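Notebook open. I want to go through the side-chain packing and the charged pairs.

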Amino acid sequence: MKKNFLVTLMLVGSLFMSSCTEDIYNPDKVKEDYEQNFVDLFGEIDPNQDWNVAELKSVTVDPGSSTEVQIYAKNGDVYKLVGDYKEVSGTRALTFDAAKGVNDFYVVAGGQGKLAKNGESVSFADAGTRSYEDRDKNDVFTVKEDYVTFPWEDVMAYAERLPNDPDGDNLEVEGISTNFDMVMGNDEITVYPVYWNASFDHTLGIYWYDDRGRMQRQDIYTDKEGDDVQVYVKRTEKNAGRNPDTYEDWENVTWNTFEEPDDVTKSDGWPPFWGKETTYEGEIDTSKGIKSRGFTIDLPYGTKYGFYIKVYDGRNYRGIYYTDKLENGRDGVMAAYFKQEMDNGTTRTFVGFDDQPGEGKDLNDLMLMIDPSPIVIDNDVQEWIIAAEDLGSTDDYDFNDVVFSVKYASGNEEATITPLAAGGSKETYLYRGGEGPIGGAEFHTLLGGGMNEDGSYAFVNTESAGAEGDPIVIEVPVDFSLAYGDNINMGGFSLKVDGIGTSITAPGKGESPQMICVPAGWKWPKERVRIDQAYPKFGEWGQNYTSTEWYNEPVSGQVIE
């Protein structure tokens with residue numbers, strides 16, 4: 001923990017040591033004080049409590065003709081990548097980590113996906129029967145006959161999450177996915193283009209993967225009869241001297257909606273989808289809402305799909321950008337997916353695009369609204385956070401002395417470690433399986449921290465959010481897991497702390513923890529804020545190992561945000 005307390009040796013017939021005092025001559029006594037104080041503060045510990053939200057799961061998979069299998073675990077509004085297996089032959093049980101209480105998974109092989117529960121079996125042996133050869137590929141979408149009117153507030157709700165700012169960057173906005181595909185479920189999905197504000201022309205398209213895993217694409221700008229698929233919305237125009245960056249500002253920009261297609265003059269130039277020269281005469285009444293003519297998606301159940309935009313500067317083609325960032329190469333993230341709750345309790349689902357690579361992406365140049373919410377798979381790998389106490393003292397229990405993330409997908413032999421915070425004053429090194437130190441240096445220095453004049457180390461990222469450390473790639477065994485297993489917990493990570501005679505390791509079941517493992521996104525407590533003050537249900541978790549939702553309920557102002 002925090003402060004180097006001087007050892008006070010009192011020869012008055014017995015050795016006196018307070019709970020806040022480190023006895024460097026008796027490290028076992030320090031640990032004993034820590035464990036006793038922990039129980040006094042948080043209550044008796046469930047004998048099955050391993051202090052780890054990660055749990056080992058499994059699905060048995062027959063990949064059919066494919067040799068690659070990806071497994072995604074339900075994580076909030078999306079399914080997150082937890083397994084990526086390159087060579088799978090025959091029927092095989094695949095294991096991976098997912099959060100306790102999560103038993104819904106999506107398994108993808110050869111571009112086809114199937115839902116599965118923990119312990120179930122899925123087969124893709126019949127994937128070759130799902131053919132597109134006898135279908136007109138224009139049939140993957142169907143234009144709706146009627147227009148739908150959405151309340152102004154519903155359409156503009158995206159601005160609360162992705163505000164418009166030419167110099168801004170929304171890549172780090174909490175609660176959005178920026179590397180994603182979707183999967184066709186049983187529900188009919190309708191997509192409504194509702195907003196466009198950019199200097200370039202766009203053509204919207206849909207891509208999907210056929211039964212052989214090959215990407216197919218279709219521009220969505222004509223229907224089967226050759227009629228234009230036009231969303232009759234004029235781009236917003238900023239008032240002179242204004243730079244809208246808040247929800248209220250958006251209500252002051254010019255917005256055009258149209259009752260019927262004949263009310264507009266469409267551009268004669270390329271592309272036919274959303275011409276910049278669309279015009280309309282008259283005052284805009286935002287109380288009438290925004291009208292959009294949507295299109296429905298018609299793909300076989302389980303098909304993986306996503307969207308793209310083609311970008312033109314006049315007739316000059318500039319590029320194509322996908323919701324799956326891996327398809328964008330070095331341009332990286334160009335789209336975002338998120339849900340937004342309305343004031344009336346309803347929820348809207350958005351997909352937004354940026355049309356210019358480089359820095360300063362706001363991801364809101366073109367916005368789609370999707371109804372109902374689709375199955376979304378986030379191709380970014382599931383990440384976990386390990387937070388530890390270094391036993392520098394035994395009284396604060398803020399679990400911010402050493403905080404780092406671990407990102408990996410089962411089936412690989414690499415994991416990425418990212419230092420996040422260092423709230424201990426002692427010289428500390430991070431190890432795994434006895435090998436290290438990870439990063440080849442003292443942990444504070446991995447975050448840019450240094451030593452104080454008194455020889456202690458300065459705290460990093462424990463009072464306010466700062467820069468993370470550089471990611472560190474380490475080798476791990478093919479069966480690497482963070483979940484509790486035989487004689488190992490939390491992946492075998494440990495700390496070596498100066499002044500303490502033993503390493504800090506993950507707890508066994510029923511022990512007082514010096515480490516905890518939670519899903520990424522967890523906000524660690526501020527300096528000297530005890531963990532139950534930051535998370536009031538932490539004690540309940542200790543007393544009942546099945547009470548795993550505590551980490552989703554932080555107290556504002558008590559955690560790093």
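This is a predicted model: local features need pLDDT of at least 70, side-chain atom pairs count only at pLDDT 80 or more; totals for chains, interfaces and linings use all residues.

**Entry 1: Ser 481 and its neighbour**

I looked up Ser 481 with that rule and found a polar contact of 2.7 Å between its side chain and that of Asp 97. Ser 481 lies in the loop between strand 28 (472–475) and strand 29 (493–497). Buried or exposed, this Ser 481? I get a relative accessible area of 16%, so Ser 481 is buried. Leaving aside neighbours within four places in sequence, I list Leu 56, Asp 97, Tyr 408 and Gly 491 as contacts of Ser 481.

Next I checked Leu 482. With neighbours within four places left aside again, its contacts include Asp 97, Trp 384, Val 406, Tyr 408, Gly 491 and Phe 493.

**Entry 2: cores**

Which members of the largest nonpolar core touch the most other members? I noted Val 406, Leu 482, Phe 493, Trp 522 and Trp 550, out of 79 residues. There is also a second, separate core of 31 residues, with Val 191, Ile 220, Ile 309 and Leu 368 among them.

**Entry 3: rings**

I count 32 aromatic pairs. I picked Phe 38 and Phe 538: their ring centres are 6.3 Å apart and the planes stand at 80°, so I wrote the pair down as edge-to-face. Phe 38 is in helix 1 (residues 27–42) and Phe 538 in helix 7 (residues 538–543), so this pair links distant parts of the chain, 500 residues apart. Both Phe 38 and Phe 538 are buried, and for Phe 538 the relative accessible area is 0%.

Phe 538 has another ring partner, Trp 541, with centres 5.9 Å apart and planes at 65°, so that pair is edge-to-face too. Phe 538 and Trp 541 are three residues apart in helix 7, which means about one helical turn separates them. Trp 541 counts as buried at 1% relative accessibility.

The charged end of Lys 114 sits over the ring of Phe 124, 5.3 Å from its centre. The charged end of Lys 304 does likewise over Tyr 209, at 4.9 Å.

**Entry 4: salt bridges**

How many salt bridges are there? I count 11 salt bridges. One of them joins Asp 104 and Lys 117 at 2.4 Å, N to O. Asp 104 is in strand 5 (residues 104–109) and Lys 117 in strand 6 (residues 112–117), so the pair ties together parts that are 13 residues apart in sequence. Asp 104 is partly exposed at 29%, and Lys 117 is partly exposed at 41%.

I looked at Lys 523 and Glu 174 as well, where the closest N and O atoms are 3.0 Å apart. These two residues are 349 residues apart, and each is in a loop. Lys 523 counts as buried at 17% relative accessibility, while Glu 174 counts as exposed at 59%.

Last one: Asp 532 forms a salt bridge with Arg 530, with 2.7 Å between the closest N and O atoms. Asp 532 counts as buried at 18%, whereas Arg 530 is partly exposed at 23%.

How values were computed:
Residues are numbered from 1 along each chain as its sequence is written. Side-chain values use heavy atoms; hydrogens and water are left out. A nonpolar core is a set of buried Ala, Val, Leu, Ile, Met, Phe, Trp, Tyr and Cys residues joined through side-chain atoms within 4.5 Å. Buried means under 20% relative accessible area, exposed over 50%, partly exposed in between (1.4 Å probe, protein chains only). Contact means heavy atoms within 4.5 Å. Rings of Phe, Tyr and Trp (its six-membered ring) pair if their centres lie within 6.5 Å; planes under 30 degrees apart count as stacked, over 60 as edge-to-face and the rest as tilted. Helices (H or I, at least four residues) and strands (E, at least two) are DSSP runs, numbered from the N terminus. A charge sits over a ring if NZ of Lys or CZ of Arg is within 6 Å of the ring centre and within 35 degrees of the ring normal. A polar contact is a pair of N or O atoms within 3.5 Å; within protein, one must be able to donate a hydrogen and the other to accept it, and residues adjacent in sequence count only if both atoms are side-chain atoms. A salt bridge is a side-chain nitrogen of Lys or Arg within 4 Å of a carboxyl oxygen of Asp or Glu.
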